[in-house]
Amino acid sequence: MKQRTLICMVAAPVLYLLVPLLFGSNLYMMSLVVASLTIGGIALAWALLGNLGGMVSFGQAAFFGVGSYASALLTLKFGLPVFPAMLLGGVGAAIASLAMLPALRLKGPYFALAILAYAQIFRILATQFQDITGGSGGLSNIPQLPNVLGFDLGSKVGGYLVILTMVVAFVWAYHLIRKSYYGLALRAMHESEDATRVVGVNSTLLKASMLVVSAFMTGMIGAFNAHYINFLEPDYAFGSSWTVIPIIAAIFGGYRTLLGPLVGAVAVYMIDQLIFKNLIPTGHQMILGVLLVMMIIFSPAGLVPLLAQKFKRKTHVKA
Amino acid sequence: DEFKVGSVISLTGANARGGTGMHEGMLTAVEVFNKQQPKHKIKLVTIDDESAPAKAIAGVEQLASQNVLAITGGATSDLVGPASTAANKAGLVYITSGGTSEEFVTQGYKKFFRINNTNGYVRAMTGMFADMGIKSLSIIYSTKKSTNELAVDVNKIMTAKGVKVTLHPFDPAIADFKPIINKVKLQDRPDAINMLGYENDYVGILRAAKVLKPNVKALVGVWQIANAKMSKDFPDLVPNVSGTEILPYPAEFDSAEGKQFEATFKALYHKSPDYLSEYGFVQAMALFEAIGRAADKGSLMKDGLADEMRKTDRTTLIGRLQFDARGDNPNFIQHIGQHQNGKIVIVWPKEFATGKMNFPGVPW
Amino acid sequence: MSDLILQSLFSGLLTGGSYALIALGLAVVFGTMKIINLAHGELVLLAAYIAYMTESGLKINPLLAIPLALVVVCIASVLVYFFVSKIKKDRELNSLLLTYGIGIVLTNAILLIWKSDIHSTSNAWFQEAFVLGSLYSMNSELLFFIVSLVLMLGGWWWLAKSWHGRAVRAVASNRDAAKLMGINPQWTELISFVLAGVLATFAGVALYSSGVIQPALGESLTVKAFIITVLAGAGSIPGVLVGAILLGVVESLTITLYSSALQELTGMLLFLLVLFVLPNGLFGASRRRG
Amino acid sequence: MLRLEDVTIRFGGLTAVNRVSMEIASDEVVGLVGPNGAGKTTLFNAISGLVKPSSGQIVFNTANVLKTPLHARARLGIGRSFQIPQPMHELTVRENLQVAQRFGTGKVDQKKIDEILDFLELSGKAQCNAATELALTELKALEVAKALATEPKLLLLDEVLAGLETNGKRRFMQTLMSLHKKYGIGILIIEHDIETISKLCSRVCVLNFGELIADGTPDEVFNDPQVIKSYTGGGHD
Amino acid sequence: MIEISDLRAGYGAINILWNISLDIAPGKLTTIIGPNGAGKTTLLRAIMGLVPVTQGRILFNGQPLGSVKTWEMANHGISLIPEGRMVFRDMTVEENLMMGAFAKQHRARSGVNLELAYELFPRLKERRRQLAGSLSGGEAQMLAMGRGLMSEPKVILIDEPSLGLAPVVVDDLFRILQRLKDEGRTIVLVEQNTHRAVGVADHVYLMQSGKVLLSKAAAEVDLDALHDLYFARD
Ligand SMILES: Nc1ncnc2c1ncn2[C@@H]1O[C@H](COP(=O)(O)OP(=O)(O)OP(=O)(O)O)[C@@H](O)[C@H]1O
Ligand SMILES: Nc1ncnc2c1ncn2[C@@H]1O[C@H](COP(=O)(O)OP(=O)(O)OP(=O)(O)O)[C@@H](O)[C@H]1O
Ligand SMILES: CC(C)C[C@H](N)C(=O)O
Ligand SMILES: [Mg+2]
Ligand SMILES: [Mg+2]
């Protein structure tokens, strides 16, 4: 426990002050960081659903897309300020997830695929309802993040601070849920649902609420991205990469740990863009594939537990 | 002295084909320009946007931080949007041949330029349909952004001319076009079919049409159809099919520039150039020449590049190139080429025609 | 109007046949090992590219590429199994991610080897129309519809009736107990991957001779196959056929009666509907009864 | 406390439980016996809510619970064990009990948990992974412990004594009896060992092919010729 | 027939069996009894190669079994009827039984043996098309037993077969064991129902806390004394 507070006290100023100071002038680095945190945020929401809800989702893109469209349209058509709209974007995604409640009866791959189907359906609806969504032409000139107290959040550093704050808040929420008895019951439910229900756990409600929480988080991230990129179209907003890359990131970092998905996202994205892309300009995703395969075979628990182990061993030797 | 120019374009992902083609044209332009100009040397730094908007933005920003003078790129409208916004924020000149959507020239970016636009394609196709004198038309189009835009415009114009138009949007994921063609054949019974999509869509549509043989007089596509590659790869599918194109094939590049382009391209890639590489070449050349002029005037560092770009006025491989205040090329109009005996013959407009149109004409 | 519907049903049926062929290999591995091979679509695509390579290189009928494709794809499939068998825990989830990773590698390998150009057979016979009264189809579609039925029958027999088929199911159900019965789990699992490779090969050649191939296609093939497998229910082979044809027909009717832009939408709605009404798929639930 | 009225349960064409009516008071320990496949476990499943009866009523403390979902029945005070133990996976033994207590009663009381662990001799295994590190008999003890943690009024025990050695069985029986007395928990227990049932229960119900064929004191029931024929087979023990 | 000497085995870091030595005589019924948690199940699993052996060796007809894989045991004529049933839940009763005759040399007679299994447990015949996962506890136990006999094993290891069986069926079970013994099979029986087990046994081993504490001919065993000595812990 003490160790954790210590880490927080070191990490907070580093993340909030040192990173912008070091890289703030390098737009490229900052945009990589922002993109990787965006993916990290989705990865976190995915891991929450998987870890606590016991549901592997192949459809985070559905929440991402709904959140981004909701927020973009609220600002564009109703002139809502960006931050309330982002919050409502998250709410919109959460409401959309209510349509998926019937899918909670399904297990494993059945659930995973049902959610994927939802993502496809939402994408097609976004394409079809041209009057509202602009159809396949999409939306452009989506308002940027605002000026707050004279600080332009629409800038790279501003965007970074916003996404960082969101992600930190999500980690905190995840942590609270996980360490509560709800978290314990949720974990128990994965492989032994009946056993958990007969001791009084309303598993359907618990699972549903994890779905809603995960959808809300992903939707908010989507909303952030819409105001950060300032443009949307269905194939992009509901694109499978919003599902796939976060999953890879989460697995890579360790989806059972709190920080694994985030660390994984930053590591995978940065390594891929800064190193692999320079080594093999076309087809560098191949290395990501190889990395994923090796990770699952050699360290299925992910990077974070692996590092923690190494770290422990080292301190052991020294002591 | 050497000038660094950036290129952010799709070399992998969904738009890899378009992006790779354009990129090859740009590299040809570098080669040609550097040979012509002993004084100035261009160095092109390319970043693959992987067909992903966030990476297109990051790419532009990465190049901006490396102090490139301008950016040439953007394979499709989906990526030109975010990339041109990023370039605008960074204060860089951005030129493209992939961002054909109307919105790019209406958002007031001072340093945005493009050599082609939806309008040019629409004018060519509707012009030809009018000359054919068809009474009814079925449009089969992909629900992608730019094809959707084309369909809307063609529909508007043709309907205004009293032609009966039926629209058949399709999801880019589908592979079997027989149900659509069957509907066209039995319900619409049109004089002509207008196909708005990409290579693989055309192959699917034409295959289905060859099986079901609807009673139409003409099949007209848009980009990516009336070219040598299609006639080489699918010789039995494309005869008598037409599509937008500038030059006939075998390319009869009559201008000196055209000949040089073709020779250089062949030396580099051991194949014949297609319209994508032409676009890449034209947009890059326009940019490089403006850089050269601005450098000569010494205004390069003082925002002179955009002004020089706007002064562009010359005949290129795709016709006369100028940029209006919005950065658009007002002269852009496509020609229509038709596959005839393994060759591409320009059949519309009359003044550029290199042969007679086979009409009625279908592949079967 | 009736001509329109009839042709639509016929097209849907044939499309369903090709869907079934693509899904079959995935269903076999899922049904026997509870493993979803997300690289299956890439294996199919690999076979298709080998057919392309053989046809364009040697100027021969793409069907003659089958022996070579069988060898290459089966080896690839066995390699997939080799990696899967190295997974230490959480096999169900981890195999999903592992095979997804392999899929990424294969897609990019195909992209690097064959570039992003699209390809399709140049063999005229395959594309010629086969006319049955007022119904039209391509020769290749009909041919592979029949191939699909034959393979399906074989696959069904193998899984339901053969000793080996039962053995793989036993391994999936309870590994330790299966060992006690004298079953070498690795060996039986390997065999089902080889079988999946064989099925992928035929699916790939079929795909090449009646459609258009490009490197990015693998993922969408996997998704289609996956959907059909789930529709079918727990690797039931008759379920695969019924599910695939149902999907094909519904898609084609959607186009005919409404618009092709909604084809995917109705496919997905059908999928969800079946899942919610029959959570174990079309043929999963009925097996439970005695 | 619990009343079954005409409960029938069908699986497809098979009638697993056929018009069973019975009543259990809160001060009773009732045995439920019958041949294999007679429908005992199925009846438990219906009472606890895992299976929906095809017809009939289930009344618990004057409330009809037929429509009450599984988890709510647990909170009402119906606790159960599974014949094939179902520990909560991924959790330690202690965590298993914490979840049961928190969700079954709404509060957490570590002292009570320690007491239960002690009671069922699981203290030594409190930190073990419940699903992978316990022997069968320990798993059975955990089944009871989980049910106890929900502070049930009625305990449904499905063959928890099977597989225990003679002395262990005796001790476990004492434990159950003291539970019954101390907390006033009613117990309905399935068991195949006639000796155990006779010692433990004041009343025994016999199911055969889904039907209730006998209901009475152990003496009466085990001397019933119908029961001997279908179940005990003359009785060696 | 099976000689075990100085055997150690366990799960991962936890060692369960401590230097076990015992001898299973051919054609005889050997019973292993002992309190819960003694390691009886672990011992049977170790013989079958399901639990890693860390020390000592197991000889079968004089040949070491150490390198023989679990799935090759069936070829040697050794069959384990496991505790906790371990049936194939997603397969039908009949398919489960047929799996018992999977090894090549047993397939030819699988039809005959299937009928035999149905004869022993008529209940299974009624349920032949039902998925094993939905069987009642006792039915599943019968299935495990029937499946284990499908290969006509020479050596049968049985782990608590009476668990969850109704008294009539338990009677049947011991009758079957007697019959198998009469047929000359070698049987190792682990059973909590010690009286009945010792009743049919030729030889008795008693285990406690992973060790063998006693080895005696069945006729010489005084069960009540043993119970007082080894089972009572309170
Ligand atoms: N889901 C199901 N589908 C079909 N049959 C079932 C199902 N569940 C139980 N059965 C059958 O119903 C009958 C009653 O089963 P149940 O488990 O209630 O028996 P039981 O009395 O508990 O037997 P045992 O003493 O062997 O545990 C059995 O014959 C069983 O095969
Ligand atoms: N998978 C496992 N991991 C760790 N320990 C285990 C595992 N399985 C069993 N044990 C431990 O091994 C010891 C011996 O267990 P075993 O099942 O062999 O006993 P047994 O003699 O068969 O008892 P019973 O009569 O209860 O069946 C027990 O203390 C148990 O907790
Ligand atoms: C010119 C074309 C190759 C690109 C087109 N603007 C598109 O979006 O697809
Ligand atoms: Mg039972
Ligand atoms: Mg045991």
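How many of the five residues of strand β3 (residues 29-33) of chain E are buried? Five of the five are, so β3 of chain E is largely enclosed by the rest of the structure. The legends below begin with this strand in the predicted model.

**View 1. Strand β3 of chain E is covered on both faces.** E:L29, E:T31 and E:I33 lie on one side. E:T30 and E:I32 lie on the other. Each of these residues is buried. In a regular strand, side chains alternate between the two faces of the sheet.

**View 2. Strand β3 of chain E pairs with β8 and with β9 of chain E.** The pairing with β8 (residues 186-190) is parallel and runs over four bridges. Here E:T31 faces E:L189 of β8(E). The pairing with β9 (residues 203-208) is also parallel, again over four bridges. There E:I33 stands opposite E:L206 of β9(E).

**View 3. Two chain E residues coordinate the magnesium ion, ligand 5.** The donors are OG1 of E:T41 and OE of E:E83, at 1.9 to 2.5 Å. The two residues are 42 residues apart and link distant parts of the chain. E:T41 belongs to helix α1 (residues 40-47) of chain E. E:E83 sits in the loop between β6 (78-81) and α2 (93-99) of chain E.

**View 4. The magnesium ion, ligand 4, has its protein donors in chain D.** They are D:T41 (OG1) and D:Q83 (OE1), which lie 1.9 to 2.2 Å from the ion. D:T41 is in helix α1 (residues 40-48) of chain D, and D:Q83 is in the loop between β6 (78-80) and α3 (93-105) of chain D, so the pair ties together parts that are 42 residues apart in sequence. D:T41 has 22% relative accessibility and counts as partly exposed. D:Q83, at 8% relative accessibility, counts as buried.

**View 5. Ligand 2 lies between chains D and E.** Around ligand 2 there are 19 residues. Nearest are D:T132, E:G39, E:K40, E:T41 and E:T42. A polar side-chain atom of D:K125 is 3.0 Å from an oxygen atom of ligand 2. A polar backbone atom of D:T132 lies 2.8 Å from a nitrogen atom of the ligand. For E:T41, a polar side-chain atom lies 2.5 Å from a ligand oxygen atom. On its own, ligand 2 has 640 Å² of accessible area, and the protein covers 88% of it. Two or more shell residues come from each of α5 (136-149) of chain D and β2 (14-24) and α1 of chain E. With three residues, α1(E) gives the most. The shell holds five nonpolar, eight polar and six charged residues.

**View 6. Ligand 1 also lies between chains D and E.** Its surroundings comprise 22 residues, the closest being D:T41, D:T42, E:S136, E:G138 and E:E139. Taken alone, ligand 1 exposes 630 Å², of which the protein buries 88%. The elements that give two or more residues to this shell are β2 (14-24) and α1 of chain D, together with α6 (137-149) of chain E. By class, the shell around ligand 1 has five nonpolar, twelve polar and five charged residues.

Key. Residues numbered from 1 in each chain as written. Chains lettered and ligands numbered in written order. Predicted model: local features only at pLDDT ≥ 70, side-chain atom pairs only at ≥ 80, totals over all residues. Heavy atoms only, no water. Buried < 20%, exposed > 50% of the residue type's maximum accessible area, 1.4 Å probe, protein only. Pairing = 2+ DSSP bridges. Donors = N, O, S within 2.8 Å, 3.2 Å for Na, K, Ca; no water. Near = heavy atom within 4 Å. Polar contact = N/O pair within 3.5 Å; in protein donor to acceptor, adjacent residues only side chain to side chain. Areas by Shrake-Rupley, 256 points an atom, 1.4 Å probe, with all protein chains shown as cover. Nonpolar A, V, L, I, M, F, W, Y, C, P; charged D, E, K, R; others polar.
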